[in-house]
Every structure is written in structure tokens, then in C-alpha cells.
Amino acid sequence: MDSIDVLTLVPTSISAYLEQELDKRFNVLKLWTVPVPNKTQFIKDNSSSIRAIVGHGGVGADAELIDSLPNLEIISSFSVGTDKIDLKKCKEKGIRVTNTPDVLTDDVADIAIGLALAVMRRLCESDRYVRSGQWKKGDYKLTTKFTGKTVGIIGLGRIGKAVAKRAVAFSCPIAYFSRTEKLELKYKYYPTVVELASNSDVLVVACPLTEETRHIINREVIDALGPKGVLINIGRGHHVDEPELVSALLEGRLGGAGLDVYQNEPEVPEQLFGFENVVLLPHAGSGTTETRNAMADLVIGNLEAHFLNKPLLTPVV
Ligand code: NAP
């Protein structure tokens, strides 16, 4: 397969293993190494030979890129979320799309619980307290208990269910909102996000980003969660209306937030840096060596299956 041109958008920092395994098998064109002013020309120069794109959660393929590659056959995304790929366009043009579900579920759920604990028990602030020598001047303030608090989950899919399973181990009652009630699960279902937020201590966003879920966390939902409530976002940045989140934190209308994702990554609203009740992660939900390698194997497995005319391992389109 080393004559097949694959355009990759995934830098070494996200997965050196993916880069190495792609290099072993394909003729890899690394768009992320091309300086921004030269990217368009680079794509033009290689447009007729590119048969596959490898994107990730932050950079996918919009209609313009897809239309500029007449021989594109497949987009294999190094992510489970496909919100950065124009799926409609892919369907129209018969371009296959794959993602990396399941293998990252545990890590992302771990991070959701980790963020809840970090925000409520003030783990990051406590760490800074010790390192800066302040403990010698007096004991640290009391924090908020996580065990037993009601955890509300928006999107009870693979990750949402894994968050619920972990929270149950902390004796937390579970409630959720999604488009369909999951009757096979004994968790409390609320038909609106506002009702879920009103009845949750911790609200976890774990749904895909779509037109319906953009700003699913708005002022009304934040106010329903309230001044003791904690928001955890491990979905996508655009789920949260960031200016509303900042205002709520400034005005004490929200108890705290743990965020892994942002609207304009890697830019993060600087106002968030000043809050001790906010914990910020650099979109690292799936960021362990084990999981990123498993994701890379799925990306490669899907590409190989496609070019060998075998069934795709994890098709989206
Ligand atoms: P999944 O198994 O497809 O689950 C998504 C769930 O969201 C489904 O159960 C679905 O249930 C629900 N949903 C869909 N549209 C909804 C809507 N409009 N309102 C409320 N709920 C809705 O996906 P997953 O594997 O759990 O991944 C979920 C998302 O997590 C991904 O799309 C991705 O954006 C994000 N993610 C983030 C990271 C990270 O590093 N932070 C890593 C991996 C994934 P219904 O069909 O019943 O609505």
C-alpha cells in the first residue's frame, strides 16, 4: 500500500505511534508540517493523488477540502467525534468515514470523574497550596464531598454510561438526558436538560456535537444547575456558551467547572484562569499512551480494510 497517498492532519504530539505506523504502510503527506500560508498550494499540488485523509477531533475535513480532492475515498478519523467532518458531503460523494469508538471510552470517563473530584475537592488548588509553602502558615480550607452527589449526564452513550458506572461506585444517584429514554437502564431520565440540571449536583456533558447540542449548556441550564452545581465538559467546546459560563462563575451563579474542551482550542478564555473553582485540561480525555495507540490501530485497520476491499472496522458513513 506504500503507493497510496494519505493526507494526515494528526501531528506527532497527538500520536507518534500513529505517525510511525502510517509511515510504514502508506505514502504519507503531512499537512500539519506545512506552514499555514503554503497549505492551500500543498493540497493543490497533491489533489489528484490523495485517496485518504486522517484527521482528529480538532481538525477534520470540511466541504472545501473534500471538494478539492477528486480521488478521495475515505476519511479515517483519530477520534470518536465526527463533528469536524462534513458527513453530508461525504454521503453525497460516496466517501467512507470511520472513527475510533469504544477504545477511548474508559479514559474519557476516568477524566470526567477526575475533573469532578478535582473541582469539588480542589485538588489543583491544594497542590499549589502545598508547593507554595502556604501549608506552613495554616491548614487548607474545607472542600465539597463528591461521594453521594447526584450526577446528571447529557448523552448516555458509550462514555456517558461509563461515567455513570464509575459514579455509581461513588454511591452517586445517576440521572440523564438524551433524545431517547433508555428503558433498560434504571437511571432517572429527564426529558429536558433544564430539568436534569435542576436535579443534579454535577452535570456531565457527554453527547456528540451537533446543531441540536451546540450551546446545550446555556444561561438557563447554568442557572438551573445553580451556585453549588458543578459543570463537567468532556464532550466538545461548542456544547458550552463560554461567555455565559464566565459570567456565571464571575457572579457566583455556578459552583465550579471542570473542562477538557473549548470552543476555540487551543485558545481558552483567559477569564477562566483566575477561578480556583475551575479545572482546565488541554483536551486530554483520551490522552494516554495505551488508548492513543489503540485509536491509531483502529485508524490504520480501517484504512487497510478499505484498500483491501474488506468491511470497515468502525464505519460512520
Ligand atoms: P455515543 O456512544 O454515540 O453516545 C452519545 C450519546 O449522546 C448517545 O447515547 C445519544 O443518545 C446522545 N445524544 C445524541 N444526540 C443528542 C442530543 N441532541 N441531545 C442529547 N443527547 C444526545 O458517543 P460516545 O462514544 O459516548 O462519545 C460522545 C462524545 O464524546 C463524542 O461525540 C465526542 O464529541 C466526545 N468525546 C470527547 C473526548 C475528549 O477527549 N474530551 C474523547 C472522546 C469523545 P440518544 O440517541 O438517545 O440521544
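Predicted model: local features only at pLDDT ≥ 70, side-chain atom pairs only at ≥ 80, totals over all residues.
View 1. Seven strands line up here as β8-β7-β6-β9-β10-β11-β12, and their pairing is parallel. To find the edges, look for β8 (188-189) and β12 (278-280), each of which pairs on one side only.

**View 2. Strand β6 and its two neighbours.** On one side, β6 (residues 151-154) runs parallel to β9 (residues 202-205), and four bridges join the two strands. β6 is also joined to β7 by four bridges, again with the strands running parallel. Ile154 is a handy landmark: its bridge partner in β9 is Val205, while its bridge partner in β7 is Phe177.

**View 3. Helix α7 against the sheet.** Follow α7 (residues 158-169) as it packs on the sheet, where it touches β6, β7 (174-177) and β9. The direction of α7 makes about 175° with that of β6. Taken together, β6, α7 and β7 form a right-handed β-α-β unit.

**View 4. Side chains along β7.** Which way do Ile174, Ala175, Tyr176 and Phe177 point from β7? Ile174 and Tyr176 point one way, whereas Ala175 and Phe177 point the other way.

View 5. Start from Ala175 and step across to Lys188, its bridge partner in β8. You have now reached an edge strand of the sheet, since β8 pairs on one side only.

Note on methods: Residues numbered from 1 in each chain as written. Heavy atoms only, no water. Pairing = 2+ DSSP bridges. Contact = heavy atoms within 4.5 Å. Axes fitted to C-alpha atoms, helices over the stretch in contact; angles between N-to-C directions. Buried < 20%, exposed > 50% of the residue type's maximum accessible area, 1.4 Å probe, protein only. Right-handed = clockwise from strand over helix to strand, strands pointing away.
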